[in-house]
Amino acid sequence: MTGTGLPPASADALLFDYLLRLADSDIVLAQRLGEWVGKGPVLEEDIAQTNVGLDLLGQGRLWLAYAGEVEARYATRGRDENELAYFRDGSEYRNLLLVEQPNGSYADTLVRQFLYDAWHLRMLDALARSRDERIAAIAAKASKEVRYHVERSSGWVVRLGDGTDESHVRMQRALDALWMYTGELFAADASDDALVAAGIAADVTALREPWRQAVGDVLAEATLAMPSDGWMQGVHGRGGRQGVHSEHLGQLLAVMQSLPRAMPDARW
Amino acid sequence: MYAQMVDTGQSRLPEPAELSADERAFQARIDADVKIEPRDDMPEAYRRTLIRQIQQHAHSEVVGMLPEGNWITRAPSLQRKATLMAKVQDEAGHGLYLYCAAETLGTSRDRMIDDLHAGRVRYSSIFNYPTLTWADIGTIGWLVDGAAIMNQIPLCRCSFGPYARAMIRVCKEESFHQRQGFDILMTLCRGTAEQKAMAQDALDRWWWPSLMMFGPPDAESVHSAQSARWKIKLLSNDELRQRYVDQTVPQAEYLGLAIPDPKLAWNGERGHYDFGEIDWREFHEVLKGNGPCNHDRIATRIKAWEDGAWVREAAVAHAAKRAARELEAA
Amino acid sequence: MSAGTEWPLWEVFIRSQHGLAHRHVGSLHAPDAAMAIRNARDVYTRRNEGVSIWVARSADLHASSPDERDALFDPAQDKVYRHPTFFPMPDEVKHL
């Protein structure tokens with residue numbers, strides 16, 4: 001990797017970490033959606049939401065595969081997708097705090113999805129212009145899927161926000177509770193800055209206004225109030241993207257990783 | 001099977017002379033392999049039996065999502081996780097196709113779901129057994145889906161058009177399910193000693209329940225005879241079970257797993273495997289609600305349905321609001 | 001069971017390839033047309049089955065009655081002259 005001004009090995013380590021940030025949010029959210037399978041509010045919705053989970057899982061795997069290749073350039077060997085997914089501890093996970101939040105009710109799940117989708121799409125569109133061709137290609141493919149995710153979750157936010165009194169209250173409450181995790185979506189740290197300068201990473205700070213605009217439009221149609229930006233979790237360089245998580249991630253990983261860790265010599 | 005011991009509402013099989021002119025005409029169409037479509041005239045007993053059978057089948061698909069869903073979050077590789085999610089998702093689709101097929105007969109999905117939750121209509125006994133290890137997921141795909149396919153392929157030719165069409169769709173999608181199950185077991189059986197033991201343990205627990213899936217011998221069952229006459233049951237329970245055993249034993253041998261039946265032996269004279277007695281007492285207890293997971297399965301379904309009520313209501317309320325607004329704007 | 005909140009039934013028609021007609025593939029429930037199309041995509045096109053979707057409320061479909069079957073369709077049976085095979089052509093005449 002060139003353009004960061006760093007020695008190649010450190011630049012690759014930086015890129016590796018960045019790819020994990022992209023991968024882990026997808027993997028963790030897919031894991032959350034996997035918890036819903038068979039328990040959705042109606043069969044049609046069970047099927048639709050599982051499709052979103054499968055898309056995210058697929059995207060996460062593409063990022064992990066590339067991360068492993070990058071790792072092989074500077075470490076003794078690169079890990080494969082399963083080593084990376086199943087044998088890293090919570091502090092090595094680089095996902096956003098938003099996606100590790102528990103499923104809660106369908107309102108919590110949909111609002112979490114909507115806030116993430118609206119960010120994810122803009123993120124991928126920016127990454128599709130990355131100077132790193134692999135990143136650009138993965139982002140271009142993923143962006144098609146995520147465009148559909150945005151449409152689906154926005155549609156639901158409107159329906160449930162402007163549905164019954166009960167659904168409105170539930171949606172507003174979910175929105176208010178999850179809003180403090182949205183600051184992290186746009187918080188860049190030094191490693192982001194270095195990769196942005198090299199034309200490799202997306203400049204998340206530039207995504208904030210378009211995101212607010214898009215989210216605001218949907219919330220307005222949904223008759224939901226956009227919460228004011230109070231104290232945000234995970235900013236100032238101590239968030240999920242730096243490996244500092246909520247308690248929820250440890251529980252999620254304990255379940256997800258249990259089998260391969262119990263039998264580390266086995267192949268599945 | 002997925003629809004076990006379906007009640008036809010008949011206490012005995014009527015003689016041809018006892019049938020009304022309409023019933024005779026209907027039977028003649030069935031005998032001539034004419035497909036019955038929803039708006040066609042049909043005897044009330046045929047209609048009611050089909051509603052029961054198709055909804056039992058649908059409920060089995062939907063409840064069947066739970067034992068496998070139990071391992072989605074713990075699937076041991078990302079590929080296995082994706083495959084399992086896609087498979088359980090397919091089952092939701094199969095339930096959906098089947099509910100829609102039953103709806104063409106004049107019932108509603110909500111009413112059928114209510115019947116399931118109130119215990120008025122059953123689902124397959126097999127889904128009341130727990131999935132304790134990852135090998136159970138392979139075993140369900142191999143044995144349970146294998147048994148289901150065996151039952152569903154003949155149903156593609158059944159007399160009721162929407163049911164037959166739903167089965168064709170289901171069979172097309174199902175073909176990957178059994179293979180992914182066998183693939184999981186092949187990997188386990190070629191793996192560590194611990195993995196192989198896991199596979200054997202799963203087979204030990206699932207073998208007999210999978211044989212019970214076909215239901216008790218139906219030689220003397222009035223319902224089976226009536227359903228056969230209506231061509232909504234194409235092969236007898238014992239016929240299907242024998243085919244299943246004959247097909248499965250060599251597969252177990254390939255895996256190097258032992259089928260937990262000391263009486264299992266090839267009978268050269270019959271050209272089939274002989275096998276031991278099935279414990280029908282266990283089967284009837286499970287159907288009655290006394291299986292290891294009956295309570296959990298229904299409780300989970302009821303909770304999902306009740307938790308989702310506000311979502312379904314709100315979507316309808318929003319659609320009504322929007323329609324009213326559009327009317328006003330027009 | 002909460003009466004009155006069951007989503008209406010929709011019939012789904014899929015065009016499987018460019019150039020072919022839409023074909024009925026099944027039904028589903030959805031609160032409105034937009035969601036019916038989205039659900040149809042997720043339920044009926046997971047294996048590349050489609051390039052276009054139509055949905056119509058089942059209640060809006062009008063069907064011929066089975067009782068009229070003979071009256072509607074039998075009369076066509078004896079109009080064999082509508083089929084090209086009714087007119088035998090000499091072998092030496094080409095392109096007809």
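Predicted model: local features only at pLDDT ≥ 70, side-chain atom pairs only at ≥ 80, totals over all residues.
Residues are numbered from 1 along each chain as its sequence is written, chains are lettered from A and ligands numbered from 1 in the order in which they are written, and side-chain values use heavy atoms, with hydrogens and water left out.

**Chain C against chain B**

I then counted five salt bridges between chain C and chain B, and nine residue pairs in polar contact, both at pLDDT 80 or more (N or O atoms within 3.5 Å; within protein, one able to donate a hydrogen and the other to accept it, with residues adjacent in sequence counted only if both atoms are side-chain atoms). On the side of chain C that touches chain B, β2 (23-29) and α1 (33-44) each supply at least two residues (helices are DSSP runs of H or I, at least four residues, and strands are runs of E, at least two, numbered from the N terminus). In contact terms, 24 residues of chain C meet 23 residues of chain B (heavy atoms within 4.5 Å).

**Chain B against chain A**

Here I found 48 residues of chain B in contact with 50 residues of chain A, and a buried area of about 4,000 Å², 68% of it on carbon and sulfur atoms (accessible area, 1.4 Å probe, that two parts lose on being put together, summed over both). Among the four salt bridges between chain B and chain A, I looked up A:Asp162 with B:Arg325, whose closest N and O atoms are 2.6 Å apart. The rule also finds 18 residue pairs in polar contact across this interface, both at pLDDT 80 or more.

**B:Pro216**

I placed B:Pro216 in the loop between α7 (193-212) and α8 (222-229) of chain B. Is B:Pro216 buried or exposed? I recorded B:Pro216 as buried, because its relative accessible area is 15% (buried is under 20%, exposed over 50%, partly exposed in between, with a 1.4 Å probe and protein chains only). Not counting residues up to four places away in sequence, B:Pro216 touches B:Met5, B:Asn237, B:Arg241, B:Trp280, B:Phe283 and B:His284.

Terms used
Salt bridge = Lys/Arg side-chain N within 4 Å of Asp/Glu carboxyl O.
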